[in-house]
Amino acid sequence: MRIPIWVWFAPSAAFIVFTGVGSTLVDPTTLPSWAVAGMLATVAGSGAVAVVGERAQWRATRWVVPLVLLASTAFVHGSDGASIGSSFLVTGMPAGWMGFELGGRGAAAAIAAMWAVASTPYVAGQAYTRDRLQRWDDVVALVGLTTMVLLTWYAGRILRRAETELVARGRRLEHEVATTRAVFDSVDAAIVVLLPDDHVLLNAPATALGHGLEVRPEPAQQDVVPSTWEVVGADGVTVAAPADQALLRARRGEEFTGLVQWTGPHDDRRAMVCSARRIVRDDDASDGAAHDAADEVVGTVFVAWDATDALDAARVRDEFLGTITHELRTPLTAILGYLDLHHELEQEQGRDGGDAPTYLDGVRRNVRALADHIEDLLVTAQPAELRTAEVDVVAVARAAVDAASARACAAGLTLSLEGPESLPTVAHADALRQVLDHLLDNAVASTRSGGVTVEVSPWSPAFASDRPCGRGFTVAVTDTGIGLSEHELSRVFDRFYRTEASVRSVSPGLGMGLAAAKQLVAAQGGTITAQSTPGQGSRFLVTIPGPRD
(Lines give C-alpha, C1' and ligand atoms only; values in the text may rest on other atoms or scores of the structure.)
Protein backbone atom coordinates (compact mmCIF):
# COMPACT_ATOMS: atom_id res chain seq x y z
CA MET A 1 0.00 0.00 0.00
CA ARG A 2 1.74 3.15 -1.20
CA ILE A 3 0.65 6.39 0.50
CA PRO A 4 1.65 9.62 -1.31
CA ILE A 5 4.90 11.01 0.11
CA TRP A 6 3.31 14.37 0.86
CA VAL A 7 0.85 12.79 3.27
CA TRP A 8 3.83 11.83 5.46
CA PHE A 9 6.21 14.69 4.73
CA ALA A 10 3.90 17.66 5.29
CA PRO A 11 2.87 16.92 8.92
CA SER A 12 6.33 15.60 9.86
CA ALA A 13 8.14 18.66 8.52
CA ALA A 14 5.53 21.04 9.96
CA PHE A 15 5.83 19.47 13.44
CA ILE A 16 9.62 19.71 13.41
CA VAL A 17 9.62 23.33 12.23
CA PHE A 18 6.80 24.24 14.61
CA THR A 19 8.68 22.77 17.55
CA GLY A 20 12.04 24.37 16.75
CA VAL A 21 10.91 27.79 15.55
CA GLY A 22 8.06 28.04 18.04
CA SER A 23 10.38 27.30 20.98
CA THR A 24 12.83 29.93 19.74
CA LEU A 25 10.11 32.53 19.45
CA VAL A 26 8.92 31.80 22.98
CA ASP A 27 12.47 31.89 24.39
CA PRO A 28 15.30 32.99 22.07
CA THR A 29 17.84 31.29 24.32
CA THR A 30 16.26 27.88 23.84
CA LEU A 31 18.20 27.00 20.67
CA PRO A 32 21.30 28.53 19.20
CA SER A 33 20.85 30.18 15.83
CA TRP A 34 23.09 27.66 14.08
CA ALA A 35 20.84 24.81 15.30
CA VAL A 36 17.73 26.55 14.00
CA ALA A 37 19.44 27.22 10.67
CA GLY A 38 20.62 23.61 10.43
CA MET A 39 17.13 22.35 11.26
CA LEU A 40 15.49 24.56 8.61
CA ALA A 41 18.14 23.68 6.02
CA THR A 42 17.73 19.93 6.45
CA VAL A 43 13.93 20.20 6.36
CA ALA A 44 14.15 22.27 3.18
CA GLY A 45 16.64 19.81 1.72
CA SER A 46 14.36 16.87 2.45
CA GLY A 47 11.52 18.76 0.75
CA ALA A 48 13.67 19.35 -2.32
CA VAL A 49 14.59 15.67 -2.44
CA ALA A 50 10.92 14.76 -2.12
CA VAL A 51 9.93 17.01 -5.05
CA VAL A 52 12.71 15.91 -7.39
CA GLY A 53 12.55 12.27 -6.36
CA GLU A 54 8.79 11.98 -6.88
CA ARG A 55 9.02 13.50 -10.33
CA ALA A 56 11.96 11.29 -11.29
CA GLN A 57 10.37 8.33 -9.49
CA TRP A 58 13.52 7.55 -7.51
CA ARG A 59 12.98 4.53 -5.33
CA ALA A 60 15.50 5.87 -2.78
CA THR A 61 13.37 8.96 -2.17
CA ARG A 62 11.24 7.19 0.42
CA TRP A 63 14.35 6.31 2.37
CA VAL A 64 16.26 9.55 2.04
CA VAL A 65 13.46 11.99 2.94
CA PRO A 66 12.46 10.50 6.35
CA LEU A 67 16.12 9.94 7.30
CA VAL A 68 16.94 13.58 6.51
CA LEU A 69 13.93 14.67 8.59
CA LEU A 70 15.23 12.54 11.48
CA ALA A 71 18.59 14.25 11.07
CA SER A 72 16.86 17.63 11.34
CA THR A 73 15.38 16.58 14.69
CA ALA A 74 18.92 16.11 15.98
CA PHE A 75 19.51 19.87 15.71
CA VAL A 76 16.53 20.47 18.02
CA HIS A 77 16.98 17.66 20.53
CA GLY A 78 20.77 17.88 20.68
CA SER A 79 20.92 21.65 21.24
CA ASP A 80 17.92 22.51 23.42
CA GLY A 81 19.78 22.00 26.67
CA ALA A 82 16.80 20.02 28.00
CA SER A 83 14.75 23.19 27.91
CA ILE A 84 12.19 21.65 25.47
CA GLY A 85 10.68 18.69 27.24
CA SER A 86 8.98 17.26 24.15
CA SER A 87 11.79 17.79 21.66
CA PHE A 88 12.45 14.07 21.24
CA LEU A 89 8.84 13.46 20.23
CA VAL A 90 9.48 15.16 16.86
CA THR A 91 11.21 11.94 15.76
CA GLY A 92 7.93 10.04 16.00
CA MET A 93 6.35 11.02 12.69
CA PRO A 94 9.27 10.31 10.31
CA ALA A 95 10.15 7.15 12.26
CA GLY A 96 6.57 5.87 12.10
CA TRP A 97 6.53 6.75 8.40
CA MET A 98 9.55 4.49 7.79
CA GLY A 99 8.11 1.64 9.85
CA PHE A 100 4.79 1.70 8.01
CA GLU A 101 5.99 2.30 4.46
CA LEU A 102 9.37 0.52 4.29
CA GLY A 103 8.67 -2.70 6.16
CA GLY A 104 11.04 -4.41 8.56
CA ARG A 105 14.21 -2.79 7.23
CA GLY A 106 12.60 0.62 7.42
CA ALA A 107 11.49 0.00 11.01
CA ALA A 108 15.00 -1.11 12.00
CA ALA A 109 16.56 1.95 10.36
CA ALA A 110 14.01 4.25 12.03
CA ILE A 111 14.70 2.77 15.50
CA ALA A 112 18.44 3.09 14.97
CA ALA A 113 18.01 6.69 13.85
CA MET A 114 15.88 7.51 16.92
CA TRP A 115 18.52 6.05 19.23
CA ALA A 116 21.10 8.13 17.43
CA VAL A 117 18.99 11.28 17.88
CA ALA A 118 18.44 10.38 21.56
CA SER A 119 22.22 10.26 22.09
CA THR A 120 22.97 13.66 20.46
CA PRO A 121 22.80 15.67 23.74
CA TYR A 122 25.45 13.43 25.20
CA VAL A 123 27.60 13.50 22.08
CA ALA A 124 27.28 17.31 21.98
CA GLY A 125 28.46 17.55 25.65
CA GLN A 126 25.10 18.67 27.09
CA ALA A 127 24.60 15.72 29.39
CA TYR A 128 25.40 17.96 32.39
CA THR A 129 22.26 19.97 31.66
CA ARG A 130 19.97 17.02 32.27
CA ASP A 131 19.05 15.67 35.65
CA ARG A 132 18.04 12.11 36.40
CA LEU A 133 14.32 12.73 35.83
CA GLN A 134 14.97 14.34 32.44
CA ARG A 135 17.17 11.44 31.43
CA TRP A 136 14.42 9.06 32.50
CA ASP A 137 11.99 11.04 30.34
CA ASP A 138 14.29 10.49 27.33
CA VAL A 139 14.33 6.75 28.01
CA VAL A 140 10.53 6.56 28.38
CA ALA A 141 10.02 8.54 25.16
CA LEU A 142 12.56 6.39 23.33
CA VAL A 143 10.92 3.14 24.46
CA GLY A 144 7.45 4.45 23.66
CA LEU A 145 8.44 5.67 20.20
CA THR A 146 10.28 2.41 19.49
CA THR A 147 7.12 0.50 20.40
CA MET A 148 5.11 2.83 18.21
CA VAL A 149 7.43 2.19 15.25
CA LEU A 150 7.11 -1.58 15.75
CA LEU A 151 3.31 -1.31 15.86
CA THR A 152 3.19 0.80 12.71
CA TRP A 153 5.49 -1.72 11.01
CA TYR A 154 3.17 -4.57 12.00
CA ALA A 155 0.04 -2.66 10.95
CA GLY A 156 1.63 -1.86 7.58
CA ARG A 157 2.55 -5.52 7.14
CA ILE A 158 -1.05 -6.62 7.78
CA LEU A 159 -2.43 -3.96 5.47
CA ARG A 160 0.02 -4.89 2.70
CA ARG A 161 -0.92 -8.54 3.00
CA ALA A 162 -4.62 -7.62 2.92
CA GLU A 163 -3.93 -5.42 -0.10
CA THR A 164 -2.19 -8.29 -1.91
CA GLU A 165 -5.07 -10.63 -1.19
CA LEU A 166 -7.59 -7.98 -2.23
CA VAL A 167 -5.76 -7.37 -5.52
CA ALA A 168 -5.58 -11.11 -6.19
CA ARG A 169 -9.29 -11.50 -5.44
CA GLY A 170 -10.07 -8.52 -7.65
CA ARG A 171 -8.16 -10.08 -10.53
CA ARG A 172 -9.88 -13.42 -10.00
CA LEU A 173 -13.22 -11.62 -9.89
CA GLU A 174 -12.43 -9.77 -13.12
CA HIS A 175 -11.49 -13.07 -14.74
CA GLU A 176 -14.68 -14.73 -13.50
CA VAL A 177 -16.78 -11.78 -14.68
CA ALA A 178 -15.12 -11.87 -18.12
CA THR A 179 -15.61 -15.64 -18.35
CA THR A 180 -19.22 -15.40 -17.23
CA ARG A 181 -19.89 -12.60 -19.70
CA ALA A 182 -18.33 -14.61 -22.52
CA VAL A 183 -20.49 -17.62 -21.67
CA PHE A 184 -23.48 -15.33 -21.19
CA ASP A 185 -23.07 -13.83 -24.66
CA SER A 186 -22.10 -17.03 -26.50
CA VAL A 187 -24.96 -19.35 -25.57
CA ASP A 188 -27.92 -19.62 -27.92
CA ALA A 189 -30.42 -19.64 -25.07
CA ALA A 190 -32.09 -16.39 -23.99
CA ILE A 191 -30.82 -15.35 -20.53
CA VAL A 192 -32.30 -12.51 -18.49
CA VAL A 193 -31.05 -11.59 -15.01
CA LEU A 194 -33.73 -9.62 -13.14
CA LEU A 195 -32.23 -7.53 -10.34
CA PRO A 196 -33.73 -5.19 -7.71
CA ASP A 197 -34.87 -1.68 -8.67
CA ASP A 198 -35.88 -2.88 -12.16
CA HIS A 199 -32.25 -3.43 -13.20
CA VAL A 200 -31.93 -6.02 -15.97
CA LEU A 201 -28.99 -7.79 -17.61
CA LEU A 202 -29.61 -9.86 -20.73
CA ASN A 203 -27.93 -11.37 -23.79
CA ALA A 204 -28.79 -10.90 -27.47
CA PRO A 205 -31.17 -13.90 -27.89
CA ALA A 206 -33.37 -12.48 -25.11
CA THR A 207 -34.27 -9.46 -27.25
CA ALA A 208 -36.18 -11.76 -29.63
CA LEU A 209 -38.72 -12.53 -26.89
CA GLY A 210 -40.48 -9.24 -27.66
CA HIS A 211 -40.51 -7.75 -24.14
CA GLY A 212 -38.91 -4.45 -25.16
CA LEU A 213 -35.51 -5.18 -23.64
CA GLU A 214 -32.16 -4.00 -25.01
CA VAL A 215 -28.70 -5.48 -24.54
CA ARG A 216 -26.55 -3.27 -22.29
CA PRO A 217 -22.94 -3.89 -21.17
CA GLU A 218 -23.94 -3.45 -17.52
CA PRO A 219 -27.18 -3.97 -15.58
CA ALA A 220 -29.52 -1.07 -16.35
CA GLN A 221 -33.05 -0.04 -15.46
CA GLN A 222 -35.47 -1.40 -18.07
CA ASP A 223 -39.19 -2.12 -17.98
CA VAL A 224 -40.22 -5.72 -18.68
CA VAL A 225 -43.42 -5.20 -20.68
CA PRO A 226 -45.77 -7.86 -22.08
CA SER A 227 -44.47 -9.42 -25.29
CA THR A 228 -45.37 -7.70 -28.53
CA TRP A 229 -45.95 -11.20 -29.96
CA GLU A 230 -48.92 -13.35 -29.11
CA VAL A 231 -47.82 -15.93 -26.55
CA VAL A 232 -49.62 -19.28 -26.49
CA GLY A 233 -49.33 -22.30 -24.27
CA ALA A 234 -47.66 -25.63 -24.88
CA ASP A 235 -50.63 -26.82 -26.95
CA GLY A 236 -49.92 -24.08 -29.48
CA VAL A 237 -53.53 -22.85 -29.28
CA THR A 238 -54.39 -21.38 -25.86
CA VAL A 239 -53.36 -17.72 -25.67
CA ALA A 240 -51.49 -16.85 -22.45
CA ALA A 241 -52.61 -13.74 -20.58
CA PRO A 242 -49.89 -11.09 -20.18
CA ALA A 243 -49.55 -11.92 -16.49
CA ASP A 244 -48.97 -15.58 -17.37
CA GLN A 245 -46.14 -14.91 -19.79
CA ALA A 246 -43.01 -16.65 -18.56
CA LEU A 247 -40.72 -13.62 -18.24
CA LEU A 248 -43.36 -11.59 -16.39
CA ARG A 249 -43.85 -14.47 -13.97
CA ALA A 250 -40.09 -14.50 -13.39
CA ARG A 251 -40.22 -10.72 -12.85
CA ARG A 252 -42.62 -11.36 -9.96
CA GLY A 253 -40.12 -13.78 -8.44
CA GLU A 254 -41.86 -17.02 -9.39
CA GLU A 255 -39.81 -20.16 -9.91
CA PHE A 256 -40.61 -22.77 -12.58
CA THR A 257 -38.91 -25.33 -14.79
CA GLY A 258 -39.68 -26.66 -18.27
CA LEU A 259 -42.53 -24.22 -18.99
CA VAL A 260 -43.26 -24.37 -22.74
CA GLN A 261 -44.69 -21.30 -24.46
CA TRP A 262 -44.90 -20.45 -28.16
CA THR A 263 -44.01 -16.90 -29.18
CA GLY A 264 -43.08 -14.92 -32.28
CA PRO A 265 -44.80 -13.94 -35.52
CA HIS A 266 -47.92 -15.96 -36.27
CA ASP A 267 -46.38 -17.69 -39.31
CA ASP A 268 -43.07 -18.41 -37.55
CA ARG A 269 -43.77 -19.10 -33.90
CA ARG A 270 -40.99 -20.60 -31.85
CA ALA A 271 -41.39 -22.96 -28.92
CA MET A 272 -39.46 -21.69 -25.89
CA VAL A 273 -38.74 -23.93 -22.90
CA CYS A 274 -38.51 -21.53 -19.96
CA SER A 275 -37.07 -21.84 -16.46
CA ALA A 276 -36.66 -19.31 -13.64
CA ARG A 277 -34.67 -19.48 -10.41
CA ARG A 278 -34.36 -16.92 -7.63
CA ILE A 279 -30.90 -15.62 -6.70
CA VAL A 280 -30.57 -16.03 -2.95
CA ARG A 281 -27.83 -14.51 -0.81
CA ASP A 282 -27.09 -16.90 2.02
CA ASP A 283 -24.19 -16.15 4.35
CA ASP A 284 -24.23 -19.78 5.52
CA ALA A 285 -24.13 -21.23 1.99
CA SER A 286 -20.41 -21.97 2.34
CA ASP A 287 -21.19 -24.19 5.32
CA GLY A 288 -23.60 -26.28 3.27
CA ALA A 289 -26.69 -24.91 5.02
CA ALA A 290 -29.97 -25.09 3.12
CA HIS A 291 -31.80 -21.95 2.05
CA ASP A 292 -34.67 -20.89 4.27
CA ALA A 293 -37.29 -18.16 4.34
CA ALA A 294 -34.88 -15.76 6.05
CA ASP A 295 -32.44 -15.79 3.11
CA GLU A 296 -32.41 -12.57 1.10
CA VAL A 297 -33.63 -12.80 -2.51
CA VAL A 298 -31.48 -10.49 -4.65
CA GLY A 299 -32.86 -11.30 -8.10
CA THR A 300 -34.08 -13.92 -10.53
CA VAL A 301 -32.39 -15.69 -13.44
CA PHE A 302 -34.64 -16.47 -16.40
CA VAL A 303 -33.51 -18.86 -19.16
CA ALA A 304 -35.42 -19.79 -22.33
CA TRP A 305 -34.09 -22.03 -25.08
CA ASP A 306 -35.59 -22.60 -28.50
CA ALA A 307 -37.02 -26.12 -28.62
CA THR A 308 -38.90 -25.64 -31.89
CA ASP A 309 -36.73 -28.06 -33.85
CA ALA A 310 -36.97 -30.72 -31.15
CA LEU A 311 -40.73 -30.36 -30.84
CA ASP A 312 -41.12 -30.28 -34.62
CA ALA A 313 -39.04 -33.44 -34.85
CA ALA A 314 -41.29 -35.14 -32.31
CA ARG A 315 -44.39 -33.90 -34.13
CA VAL A 316 -43.01 -35.00 -37.51
CA ARG A 317 -42.19 -38.40 -36.06
CA ASP A 318 -45.72 -38.83 -34.76
CA GLU A 319 -47.24 -37.57 -38.00
CA PHE A 320 -44.94 -39.82 -39.98
CA LEU A 321 -45.92 -42.88 -38.03
CA GLY A 322 -49.59 -42.11 -38.61
CA THR A 323 -49.14 -41.11 -42.24
CA ILE A 324 -46.86 -43.99 -43.23
CA THR A 325 -49.29 -46.43 -41.69
CA HIS A 326 -52.16 -44.96 -43.68
CA GLU A 327 -50.29 -44.45 -46.94
CA LEU A 328 -48.80 -47.93 -47.05
CA ARG A 329 -51.94 -49.63 -45.80
CA THR A 330 -54.32 -47.99 -48.29
CA PRO A 331 -52.78 -49.37 -51.51
CA LEU A 332 -52.29 -52.75 -49.90
CA THR A 333 -55.95 -52.85 -48.91
CA ALA A 334 -56.95 -51.90 -52.46
CA ILE A 335 -54.65 -54.58 -53.88
CA LEU A 336 -56.27 -57.20 -51.69
CA GLY A 337 -59.74 -55.96 -52.64
CA TYR A 338 -59.02 -56.04 -56.38
CA LEU A 339 -57.48 -59.47 -56.09
CA ASP A 340 -60.57 -60.74 -54.29
CA LEU A 341 -62.80 -59.33 -57.04
CA HIS A 342 -60.57 -60.81 -59.68
CA HIS A 343 -60.79 -64.17 -58.00
CA GLU A 344 -64.58 -64.01 -57.90
CA LEU A 345 -64.82 -62.94 -61.56
CA GLU A 346 -62.51 -65.70 -62.59
CA GLN A 347 -64.88 -68.14 -60.96
CA GLU A 348 -67.94 -66.55 -62.60
CA GLN A 349 -66.67 -65.54 -66.08
CA GLY A 350 -63.69 -67.70 -66.67
CA ARG A 351 -60.04 -66.75 -66.79
CA ASP A 352 -60.16 -64.72 -70.06
CA GLY A 353 -63.46 -62.91 -69.92
CA GLY A 354 -65.26 -59.86 -68.48
CA ASP A 355 -63.78 -57.00 -66.44
CA ALA A 356 -60.91 -58.90 -64.81
CA PRO A 357 -58.19 -56.95 -66.70
CA THR A 358 -59.67 -53.65 -65.40
CA TYR A 359 -59.29 -54.79 -61.82
CA LEU A 360 -55.75 -55.92 -62.52
CA ASP A 361 -55.01 -52.35 -63.71
CA GLY A 362 -56.19 -51.09 -60.34
CA VAL A 363 -53.87 -53.55 -58.65
CA ARG A 364 -51.03 -52.31 -60.80
CA ARG A 365 -51.67 -48.63 -59.96
CA ASN A 366 -51.76 -49.20 -56.24
CA VAL A 367 -48.72 -51.42 -56.28
CA ARG A 368 -46.96 -48.65 -58.19
CA ALA A 369 -48.05 -46.07 -55.60
CA LEU A 370 -46.74 -48.27 -52.81
CA ALA A 371 -43.46 -48.77 -54.67
CA ASP A 372 -43.11 -44.98 -55.15
CA HIS A 373 -43.59 -44.32 -51.45
CA ILE A 374 -40.98 -46.87 -50.54
CA GLU A 375 -38.60 -45.50 -53.18
CA ASP A 376 -38.92 -41.96 -51.78
CA LEU A 377 -38.15 -43.21 -48.30
CA LEU A 378 -35.07 -45.04 -49.53
CA VAL A 379 -33.80 -42.06 -51.55
CA THR A 380 -34.03 -39.62 -48.62
CA ALA A 381 -32.72 -42.10 -46.06
CA GLN A 382 -29.77 -43.43 -48.08
CA PRO A 383 -28.97 -41.31 -51.17
CA ALA A 384 -27.16 -43.38 -53.74
CA GLU A 385 -24.71 -42.37 -56.46
CA LEU A 386 -26.38 -42.20 -59.86
CA ARG A 387 -24.77 -43.42 -63.05
CA THR A 388 -25.61 -40.97 -65.79
CA ALA A 389 -25.99 -41.77 -69.50
CA GLU A 390 -27.18 -40.23 -72.75
CA VAL A 391 -30.79 -39.10 -72.44
CA ASP A 392 -33.25 -36.83 -74.23
CA VAL A 393 -34.56 -34.45 -71.57
CA VAL A 394 -37.54 -33.41 -73.68
CA ALA A 395 -38.57 -37.04 -74.15
CA VAL A 396 -38.41 -37.63 -70.39
CA ALA A 397 -40.42 -34.47 -69.70
CA ARG A 398 -43.02 -35.41 -72.36
CA ALA A 399 -43.48 -38.83 -70.77
CA ALA A 400 -44.00 -37.22 -67.34
CA VAL A 401 -46.51 -34.74 -68.79
CA ASP A 402 -48.40 -37.53 -70.56
CA ALA A 403 -48.59 -39.51 -67.33
CA ALA A 404 -50.01 -36.52 -65.43
CA SER A 405 -52.36 -35.30 -68.16
CA ALA A 406 -55.27 -37.54 -67.16
CA ARG A 407 -55.23 -36.24 -63.61
CA ALA A 408 -54.87 -32.62 -64.78
CA CYS A 409 -57.75 -33.03 -67.21
CA ALA A 410 -59.95 -34.51 -64.49
CA ALA A 411 -59.22 -31.42 -62.37
CA GLY A 412 -60.10 -29.09 -65.25
CA LEU A 413 -56.53 -27.85 -65.68
CA THR A 414 -54.33 -27.32 -68.73
CA LEU A 415 -50.99 -29.09 -68.82
CA SER A 416 -48.45 -28.01 -71.44
CA LEU A 417 -44.85 -28.67 -72.37
CA GLU A 418 -42.68 -25.92 -73.83
CA GLY A 419 -39.18 -26.21 -75.25
CA PRO A 420 -37.22 -27.64 -78.16
CA GLU A 421 -38.26 -30.82 -79.97
CA SER A 422 -35.23 -32.61 -78.56
CA LEU A 423 -32.47 -31.84 -76.06
CA PRO A 424 -29.85 -34.62 -75.79
CA THR A 425 -27.68 -34.50 -72.66
CA VAL A 426 -26.14 -36.70 -70.01
CA ALA A 427 -28.30 -37.44 -66.96
CA HIS A 428 -30.06 -40.24 -65.11
CA ALA A 429 -33.36 -40.76 -66.95
CA ASP A 430 -35.20 -42.60 -64.15
CA ALA A 431 -34.13 -40.10 -61.51
CA LEU A 432 -35.12 -37.17 -63.71
CA ARG A 433 -38.50 -38.74 -64.38
CA GLN A 434 -39.04 -39.30 -60.67
CA VAL A 435 -38.23 -35.62 -59.98
CA LEU A 436 -40.68 -34.42 -62.64
CA ASP A 437 -43.40 -36.78 -61.41
CA HIS A 438 -43.14 -35.29 -57.92
CA LEU A 439 -43.17 -31.72 -59.20
CA LEU A 440 -46.17 -32.35 -61.45
CA ASP A 441 -48.09 -34.21 -58.74
CA ASN A 442 -47.63 -31.25 -56.35
CA ALA A 443 -48.47 -28.68 -59.04
CA VAL A 444 -51.71 -30.41 -60.06
CA ALA A 445 -52.72 -31.02 -56.43
CA SER A 446 -52.21 -27.36 -55.42
CA THR A 447 -53.92 -25.78 -58.46
CA ARG A 448 -57.66 -25.15 -58.44
CA SER A 449 -57.90 -23.29 -61.77
CA GLY A 450 -55.61 -22.34 -64.61
CA GLY A 451 -52.90 -24.77 -65.48
CA VAL A 452 -49.39 -26.16 -65.19
CA THR A 453 -46.53 -25.46 -67.58
CA VAL A 454 -43.31 -27.45 -67.99
CA GLU A 455 -40.45 -25.58 -69.67
CA VAL A 456 -37.28 -27.31 -70.89
CA SER A 457 -34.28 -25.29 -72.06
CA PRO A 458 -30.49 -25.58 -72.39
CA TRP A 459 -28.54 -24.31 -69.41
CA SER A 460 -26.48 -21.15 -69.80
CA PRO A 461 -24.19 -20.36 -66.85
CA ALA A 462 -24.01 -16.76 -65.64
CA PHE A 463 -20.22 -16.90 -65.89
CA ALA A 464 -18.99 -19.29 -68.53
CA SER A 465 -15.50 -19.36 -67.05
CA ASP A 466 -16.84 -20.28 -63.65
CA ARG A 467 -17.49 -23.87 -64.61
CA PRO A 468 -16.73 -25.27 -68.07
CA CYS A 469 -19.76 -27.30 -69.01
CA GLY A 470 -21.31 -29.12 -71.91
CA ARG A 471 -24.95 -30.11 -72.32
CA GLY A 472 -26.56 -28.70 -69.20
CA PHE A 473 -30.28 -28.04 -69.00
CA THR A 474 -33.05 -26.59 -66.87
CA VAL A 475 -36.59 -27.79 -66.33
CA ALA A 476 -39.12 -25.39 -64.79
CA VAL A 477 -42.55 -26.44 -63.51
CA THR A 478 -44.88 -23.47 -63.04
CA ASP A 479 -48.46 -23.57 -61.73
CA THR A 480 -51.22 -21.07 -61.00
CA GLY A 481 -52.14 -22.68 -57.69
CA ILE A 482 -52.55 -21.49 -54.12
CA GLY A 483 -48.85 -20.75 -53.66
CA LEU A 484 -46.69 -21.02 -50.55
CA SER A 485 -46.09 -18.65 -47.64
CA GLU A 486 -42.57 -17.51 -46.84
CA HIS A 487 -42.39 -19.93 -43.92
CA GLU A 488 -43.64 -22.85 -46.04
CA LEU A 489 -41.19 -21.94 -48.79
CA SER A 490 -38.29 -22.14 -46.32
CA ARG A 491 -39.25 -25.72 -45.37
CA VAL A 492 -40.70 -27.07 -48.60
CA PHE A 493 -37.70 -29.37 -49.21
CA ASP A 494 -37.65 -30.76 -45.64
CA ARG A 495 -38.37 -34.42 -45.15
CA PHE A 496 -41.89 -35.25 -43.99
CA TYR A 497 -42.94 -31.61 -44.29
CA ARG A 498 -46.50 -31.03 -45.49
CA THR A 499 -48.05 -27.61 -46.00
CA GLU A 500 -51.03 -26.46 -43.98
CA ALA A 501 -53.22 -26.67 -47.10
CA SER A 502 -52.32 -30.32 -47.73
CA VAL A 503 -52.94 -31.20 -44.11
CA ARG A 504 -56.32 -29.43 -44.05
CA SER A 505 -57.45 -31.04 -47.31
CA VAL A 506 -56.25 -34.48 -46.13
CA SER A 507 -54.31 -34.88 -49.38
CA PRO A 508 -52.44 -38.17 -49.66
CA GLY A 509 -48.66 -38.19 -49.38
CA LEU A 510 -45.80 -38.56 -46.93
CA GLY A 511 -44.27 -35.12 -47.42
CA MET A 512 -41.27 -36.87 -48.96
CA GLY A 513 -41.63 -36.03 -52.66
CA LEU A 514 -39.74 -32.74 -52.78
CA ALA A 515 -37.12 -33.96 -50.31
CA ALA A 516 -36.51 -36.96 -52.58
CA ALA A 517 -36.45 -34.68 -55.65
CA LYS A 518 -33.79 -32.50 -54.04
CA GLN A 519 -31.67 -35.56 -53.25
CA LEU A 520 -31.97 -36.91 -56.78
CA VAL A 521 -31.07 -33.57 -58.37
CA ALA A 522 -28.10 -33.10 -56.03
CA ALA A 523 -26.86 -36.60 -56.88
CA GLN A 524 -26.54 -35.40 -60.50
CA GLY A 525 -24.61 -32.26 -59.49
CA GLY A 526 -27.61 -29.98 -59.89
CA THR A 527 -29.82 -27.71 -57.81
CA ILE A 528 -33.55 -27.23 -57.33
CA THR A 529 -35.04 -23.93 -56.18
CA ALA A 530 -38.55 -22.69 -55.50
CA GLN A 531 -40.30 -19.34 -55.88
CA SER A 532 -43.87 -18.71 -54.85
CA THR A 533 -46.42 -16.00 -54.18
CA PRO A 534 -49.44 -16.90 -52.03
CA GLY A 535 -52.59 -16.93 -54.15
CA GLN A 536 -50.70 -16.69 -57.47
CA GLY A 537 -48.77 -19.91 -57.83
CA SER A 538 -45.34 -21.49 -57.58
CA ARG A 539 -42.35 -22.13 -59.79
CA PHE A 540 -39.82 -24.91 -59.23
CA LEU A 541 -36.60 -24.77 -61.25
CA VAL A 542 -34.31 -27.79 -61.72
CA THR A 543 -30.82 -26.99 -63.02
CA ILE A 544 -28.39 -29.76 -63.98
CA PRO A 545 -25.13 -28.41 -65.42
CA GLY A 546 -24.19 -31.52 -67.29
CA PRO A 547 -20.73 -33.12 -67.45
CA ARG A 548 -17.63 -30.95 -67.55
CA ASP A 549 -15.80 -30.78 -70.85
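Buried residues make up 39% of the 549 residues in the chain. The model is predicted. The chain holds 14 helices and 13 strands. Take the contacts between residues at least 6 apart in sequence: 64% of them join residues at least 24 apart.

**Helices α1 and α2**

- Helix α1 covers residues 5-26, and helix α2 covers residues 33-56.
- They pack at an angle of about 170°, and their axes are 10 Å apart.
- An angle over 145 degrees counts as roughly antiparallel, so α1 and α2 are roughly antiparallel to each other.
- The crossing of α1 past α2 is left-handed.
- On the α1 side, the contact is made by Ile5, Trp6, Phe9, Ala13, Ile16, Val17, Gly20, Val21 and Thr24.
- On the α2 side, it is made by Val36, Met39, Leu40, Val43, Ser46, Gly47, Ala50, Val51 and Glu54.
- By class, the residues of this contact are 13 nonpolar, four polar and one charged.

**Thr42 in helix α2**

- Thr42 is found in helix α2.
- Is Thr42 buried or exposed? Its relative accessibility is 18%, so Thr42 counts as buried; the cut-off for buried is under 20%.
- Beyond its neighbours within four places in sequence, Thr42 is in contact with Val68, Ser72 and Phe75.

**Helices α1 and α4**

- The axes of α1 and α4 come within 9 Å and cross at roughly 160°.
- That angle makes α1 roughly antiparallel to α4.
- From α1, the contact uses Ile5, Trp8, Phe9, Pro11, Ser12 and Phe15.
- From α4, it uses Met93, Pro94, Gly96, Trp97, Phe100 and Glu101.
- The contact of α1 with α4 has nine nonpolar, two polar and one charged residues.
- Ile5 and Phe9 of α1 take part here, and they also belong to the contact with α2.

**Helices α4 and α5**

- Helix α4 spans residues 92-101, and helix α5 spans residues 103-123.
- Their axes are 6 Å apart, and the packing angle is about 160°.
- α4 is therefore roughly antiparallel to α5.
- The crossing of α4 and α5 is left-handed.
- Ala95, Met98, Gly99, Phe100 and Glu101 of α4 meet Gly103, Gly106, Ala107, Ala109, Ala110 and Met114 of α5.
- Sorted by class, this contact of α4 with α5 has seven nonpolar, three polar and one charged residues.
- Phe100 and Glu101 of α4 meet α5, and they are also in the contact with α1.

**Loop between β1 and β2**

- Strand β1 is residues 190-194 and strand β2 is residues 199-202, with Asp197 in the loop between them.
- Asp197 is not a glycine, yet its phi is positive, about 60°.
- At 59% relative accessibility, Asp197 counts as exposed.
- Asp198 lies in the loop between β1 and β2.
- Asp198 also has a positive phi, about 65°, although it is not a glycine.
- Asp198 has a relative accessible area of 40%, so it is partly exposed.

**Ser227 in a loop**

- Ser227 sits in the loop between β3 (220-221) and α7 (246-251).
- At 11% relative accessibility, Ser227 counts as buried.
- Which residues does Ser227 touch, not counting residues up to four places away in sequence? They are Leu209, Gly210, His211, Gln245 and Thr263.
- Ser227 and Gly210 are 17 residues apart along the chain, but their C-alpha atoms are separated by 4.6 Å.

**Helix α11**

- Helix α11 has 17 residues, 429-445.
- At 1.5 Å a residue, α11 should span 24 Å. Its end C-alpha atoms are 24 Å apart, which agrees.
- The buried residues of α11 are Ala431, Leu432, Gln434, Val435, Leu436, His438, Leu439, Leu440, Ala443 and Val444.

**Helix α14 and what follows**

- The buried residues of α14 are Gly513, Leu514, Ala515, Ala516, Ala517, Leu520 and Val521.
- Ala523 is found in helix α14, which covers residues 513-523.
- Ala523 counts as partly exposed, at 34% relative accessibility.
- The C-alpha atoms of Ala523 and Ile544 are separated by 10.0 Å, and the two residues are 21 residues apart along the chain.
- Gly525 follows α14 and has a positive phi, near 80°.

How values were computed: Residues numbered from 1 in each chain as written. Predicted model: local features only at pLDDT ≥ 70, side-chain atom pairs only at ≥ 80, totals over all residues. Heavy atoms only, no water. Helix = DSSP H or I, 4+ residues; strand = E, 2+ residues; numbered from the N terminus. Expected span 1.5 Å × (residues − 1). Buried < 20%, exposed > 50% of the residue type's maximum accessible area, 1.4 Å probe, protein only. Axes fitted to C-alpha atoms, helices over the stretch in contact; angles between N-to-C directions. Parallel < 35°, antiparallel > 145°, perpendicular 65-115°, else oblique. Left-handed = near helix turned anticlockwise from the far one by under 90°. Contact = heavy atoms within 4.5 Å. Nonpolar A, V, L, I, M, F, W, Y, C, P; charged D, E, K, R; others polar.
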